Amino acid sequence: MGDLEIREIPESDLERMLDLANMVFHSRTEDDQRERSLWMPRRSERIGAYEGDTLVGQLGALPMKLAVPGAVPDCSAITWVGVLPTHRRRGVLTAMMERMHADAVEAGRPVAALWASQAGIYGRYGFGLANRSLHLEVDSSRPLALRIEADPRPLRLIGRDQAAEVLGPIHARAIARRPGGLVRDAEWWERAILIPAEERQDDYGELRIVVLEGGGYAIYRTRGENEETGAPGIVRLEELEADTPAVEAALWRFLASIDLTGRIQAFSRPVDDLLPLLTVDPDQVVVKGDWGALWLRLIDVPAALRMRSWAVEESLVIEVKDARLPANEGRWRLTGETTGDEPDLTFGVSELGSVYLGGTQVQRLVRAGLVTEHTPGAARRFDAALDVPLAPHTNDDF
Ligand SMILES: CC(=O)SCCNC(=O)CCNC(=O)[C@H](O)C(C)(C)COP(=O)(O)OP(=O)(O)OC[C@H]1O[C@@H](n2cnc3c(N)ncnc32)[C@H](O)[C@@H]1OP(=O)(O)O
């Protein structure tokens, strides 16, 4: 690392953070958008790598809360990671990650999470891929016939200004049912979720919000037919949450019926989305992509084990390896108690992060040679304990 120093980035360097982010992500921020785009680093704990007075690396840790099965622990949500191209591969990221780990331990946050722009990087820091997302495409050029009755209650369109208040309680119920979501405050709704059209660099129209009173909502944008190519108009679904399958059906049917559109693009749906089952013609819904979403790092393994709810009680002993946070190393019961008993399974901490939300099967990791099973049947038993009714899903981009 030579003359580099890891230290907090002061507010006065926020503009430099934006410049560094634009450099490493090959982007540009218009002058009138600069102040607005600083909201995320402003609310982050900011770790910087400085060479003298020059900011050469940065990492933001947003203090958030993440829904995990049965609990909503504090979480360091890692974002705005970048190192100048002139300073890469010298251990700058590793040094910033070490500081982030130490800060999270000190703050008593049992987990950290991130979205990876390059997925090959984060396993070495103890992160494991915890959930995946589906890109679904719906052919809505013909009516969407469904196999269940849609909720008949009326739908209404609301404005952005009402959204946090109306959608907030529905979303809170959704993340209590399904792990993987972040707890949202008014700023998160406004800046991270309800992003207005002028801040998007695409040709979709203004954000639209449709609500089925008290039971569900969809956030979407639309684009009309392409007159040159004749490509149909598109409904781009940003988020859909519903308390019941009947509400879900009503919202999908609404989206599919919007005039002058012939396709719905939903880029981030849970892997167990009901829609492919709900349609009379399953071919009307196509899985266009399946991509890695949230990466999870257990910062405090015993605390994480203690707070999680388990689908069945188990007396398993798991051994954990964690070279970067040695306090996690040892043999643990699922209650978070340490034990001297022989382990049934041995995990690297990143594999434990992968299974923690219930989105990855332990038995598969054993088959792949990534987790060691010492007691025959232990992986199956652990899978039964980890089981969640709804697959984890994250729709908070940070
Ligand atoms: C959560 C987010 O914000 S995701 C966004 C991440 N940011 C970017 O992708 C922006 C462009 N890239 C960068 O800014 C930098 O190259 C970074 C941040 C990815 C890496 O920073 P560096 O300071 O070069 O990383 P560092 O030198 O500490 O290397 C750490 C390790 O990761 C490896 N690594 C770094 N980049 C990559 C990569 N793109 N693919 C695979 N491995 C990588 C290094 O080889 C090294 O491995 P080792 O520990 O086995 O030797």
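**Charged side chains and their pairings**

The structure holds 33 salt bridges, each a side-chain nitrogen of Lys or Arg within 4 Å of a carboxyl oxygen of Asp or Glu. This is a predicted model: local features need pLDDT of at least 70, side-chain atom pairs count only at pLDDT 80 or more, and totals for chains, interfaces and linings use all residues. Residues are numbered from 1 along each chain as its sequence is written, and side-chain values use heavy atoms, with hydrogens and water left out.

Start with Glu35. Its salt bridge partner is Arg42, with the closest N and O atoms 2.8 Å apart. Glu35 is partly exposed at 48% relative accessibility (buried means under 20% relative accessible area, exposed over 50%, partly exposed in between; 1.4 Å probe, protein chains only). Arg42 is partly exposed too, at 34%.

Next comes Glu238. This residue forms a salt bridge with Arg236, at 3.4 Å from N to O. Glu238 is buried, with a relative accessible area of 16%.

Glu314 and Arg381 also meet in a salt bridge, at 2.9 Å from N to O. Glu314 lies in the loop between helix 9 (301-307) and strand 15 (317-321), and Arg381 in helix 12 (residues 378-386), so the pair ties together parts that are 67 residues apart in sequence. Helices (H or I, at least four residues) and strands (E, at least two) are DSSP runs, numbered from the N terminus. Glu314 counts as partly exposed at 23%, and Arg381 does at 26%. Elsewhere, salt bridges that share partners join Arg200, Asp202, Arg221, Arg236 and Glu238 into one network.
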